Amino acid sequence: GSGKSTLIQLLLRLRHPTTGDYLVDNIPAEEINDPSWFSQIAFVPQDSKLLNDTVAKNIAFYREASQDEIVNAAKLAHIHEEIERMPMGYETVLGARGGALSGGQRQRMSIARALLKRPSILVLDEPTSALDMRSEALVHETFTRLKGDVTIFVIAHRLSTLNSCDRIIVMQDGRIQAVGAREEIRRNS
């Protein structure tokens, strides 16, 4: 009820605002052609679906990609070393819904999938909600590494998920209630 799903849909341009303006570099978002927009943005849902296929094909996700591109995306998502330890590495078949992968491994695999195309905007929905502390720390390392290269929107309920964010927007009942740095939000909201 806070407006989280609507915000995601607006950011991804799956929905258009009924009032107000959505500007990207001072250009109305709807004026940016779809192929250009969708080539620049990536989305990681809270519950990503994995294919009953190899690790490499799960990261590529129906796109052409070299092995080096796949490995680089996995390294950015801090899942490469774990993939290397799998029986057949990147050629290991995951099985239905990710097989024996942990929730953290599935989430980092999904982040690698999103990072493969080197987006300039990355939108993540509750990326750490079901992760153990180690996996959450690895996701935060990814955020830190991407800082300055990628604009990251993290939708989350827990303030700890937003540790690496420069600004936080608090929403309630579809309205923005507060905007500011993490410590300012912690004190005042």
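## A walk through the core and its helices

In helix H4, the residues Ile70, Val71, Ala73, Ala74 and Leu76 are buried. Keep in mind as you look around that this is a predicted model. What do the buried residues of H4 pack against? They pack against H3, helix H5 (80–84), H6 and H7.

In soluble globular proteins, nonpolar side chains tend to be buried together. Here, the largest nonpolar core has 38 residues, and those with the most contacts inside it are Val55, Ile59, Ile83, Tyr90, Met109 and Leu122. Which elements give two or more residues to this core? They are strand E3 (41–44), helix H3 (55–60), helix H4 (67–76), helix H6 (103–115), strand E4 (121–125) and helix H7 (133–146). Apart from this core lies another one, of twelve residues, among them Ala29, Ile32, Ile121 and Val123.

Leaving aside neighbours within four places in sequence, Leu122 is in contact with Ala42, Val44, Ala114, Leu115, Leu146, Val150, Thr151, Ile152 and Phe153. The other is Tyr90, which lies in the loop between H5 and H6. Is Tyr90 buried or exposed? Its relative accessibility is 5%, so Tyr90 counts as buried. Beyond its neighbours within four places in sequence, Tyr90 is in contact with Thr54, Val55, Ala56, Ile59, Gln67, Ile70, Val71, Ala74, His80, Ile83 and Glu84. Tyr90 and Lys117 are 27 residues apart along the chain, and 18 Å separates their C-alpha atoms.

Next, look at how two helices meet. H6 and H7 pack with their axes 9 Å apart, at an angle of about 15 degrees. Angles under 35 degrees count as roughly parallel, and H6 and H7 are therefore roughly parallel to each other. Their crossing is left-handed. From H6, the contact is made by Gly104, Arg108, Ile111 and Leu115, while H7 brings Arg134, Ser135, Leu138, Val139, Thr142 and Leu146. How many residues of each class does the contact of H6 with H7 have? There are five nonpolar, three polar and two charged residues.

Some of these names come back around Glu82, a residue of helix H5. Glu82 counts as buried because its relative accessibility is 11%, and buried means under 20%. Setting aside neighbours within four places in sequence, Glu82 is in contact with Gln105, Arg108, Arg134 and Leu138.

Arg85 is found in the loop between H5 and H6. The C-alpha atoms of Arg85 and Glu141 are 21 Å apart in space, and the two residues are 56 apart in sequence. Asp25 sits in the loop between strand E1 (23–24) and strand E2 (27–28), and Tyr62 in the loop between H3 and H4. Phi is positive in Asp25, near 50 degrees, although this residue is not glycine. Tyr62, also a residue other than glycine, has a positive phi near 65 degrees. The table gives the accessibility of these loop residues.

| Residue | Relative accessible area | Class |
|---|---|---|
| Asp25 | 71% | exposed |
| Tyr62 | 70% | exposed |
| Arg85 | 60% | exposed |

Conventions
Residues numbered from 1 in each chain as written. Predicted model: local features only at pLDDT ≥ 70, side-chain atom pairs only at ≥ 80, totals over all residues. Heavy atoms only, no water. Core = buried A, V, L, I, M, F, W, Y, C linked by side-chain atoms within 4.5 Å. Buried < 20%, exposed > 50% of the residue type's maximum accessible area, 1.4 Å probe, protein only. Helix = DSSP H or I, 4+ residues; strand = E, 2+ residues; numbered from the N terminus. Contact = heavy atoms within 4.5 Å. Axes fitted to C-alpha atoms, helices over the stretch in contact; angles between N-to-C directions. Parallel < 35°, antiparallel > 145°, perpendicular 65-115°, else oblique. Left-handed = near helix turned anticlockwise from the far one by under 90°. Nonpolar A, V, L, I, M, F, W, Y, C, P; charged D, E, K, R; others polar.
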